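Me: I have a model open and want to learn how to read it. Can we go from the overall fold down to single residues?

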Amino acid sequence: MKQTGRVLVVDDEKNITTVMQAMLERAGYEALTHNDSAEAIRAIDESVEAEDLNLVVTDLYMPGPGGMEILEHCKRNHPQLPVVIITAFGTVESAVTALKRGAFGEKMRVARGGASRRAAAGSSGDASPEAG
């Protein structure tokens, strides 16, 4: 299958990054994963500098820099790079905050992966919780 873009997935839970990687690769994307958010920020900087990254999907709550910090870093240093925030603990307030700070969208993390595939394909960035 021809790859259609490169997505970096950041989550402190390895099982989440493994599942997201498999879903994205099955949909034709190259998926890179990081379970350490500080490492992910360095990878984002290197990949964007090499013009080799199309999307960041990050968990909201993680040890070290969380999803909002990754979003802020990307918007400050790489404003053209879309960022999607996923979370199992989302609230309307966190969704509104993420969108105001420039997130492409915030999605509730549920077992199915349609939201991430649509985000990678460039769908609308609504903040509604979605099962997928």
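Me: What pattern does the protein chain follow, read along the sequence?

Reply: Keep in mind that this is a predicted model. The pattern is β-α-β-α-β-α-β-α-β-α. In total, the chain has 5 helices and 5 strands.

Me: How many of the contacts between residues at least 6 apart in sequence join residues at least 24 apart?

Reply: The share is 58%.

Me: What share of the residues is buried?

Reply: Of the 132 residues in the chain, 45% are buried.

Me: Which residues touch the most other members in the largest nonpolar core?

Reply: The general idea comes first. In soluble globular proteins, nonpolar side chains tend to be buried together. Here the largest nonpolar core has 19 residues, and Leu8, Ile44, Val56 and Ile70 touch the most other members. Strand S1 (6-10), helix H2 (37-49), helix H3 (67-77) and strand S4 (83-87) each supply at least two of its residues. H2 gives the largest share, 5 residues. There is also a second, separate core of 12 residues, with Met23, Tyr29, Val57 and Val84 among them.

Me: Which residues does valine 56 contact, leaving aside neighbours within four places in sequence?

Reply: Valine 56 contacts Leu8, Ile44, Ile70, Cys74, Leu81, Pro82, Val83 and Val84.

Me: Is alanine 40 buried or exposed?

Reply: Judge by relative accessible area: under 20% counts as buried. Alanine 40 has 0%, so it is buried. This residue lies in helix H2. Beyond its neighbours within four places in sequence, alanine 40 contacts Leu8, Val10 and His34. Its C-alpha atom is 8.5 Å from that of valine 9, 31 residues apart along the chain.

Notes
Residues are numbered from 1 along each chain as its sequence is written. This is a predicted model: local features need pLDDT of at least 70, side-chain atom pairs count only at pLDDT 80 or more; totals for chains, interfaces and linings use all residues. Side-chain values use heavy atoms; hydrogens and water are left out. A nonpolar core is a set of buried Ala, Val, Leu, Ile, Met, Phe, Trp, Tyr and Cys residues joined through side-chain atoms within 4.5 Å. Buried means under 20% relative accessible area, exposed over 50%, partly exposed in between (1.4 Å probe, protein chains only). Helices (H or I, at least four residues) and strands (E, at least two) are DSSP runs, numbered from the N terminus. Contact means heavy atoms within 4.5 Å.
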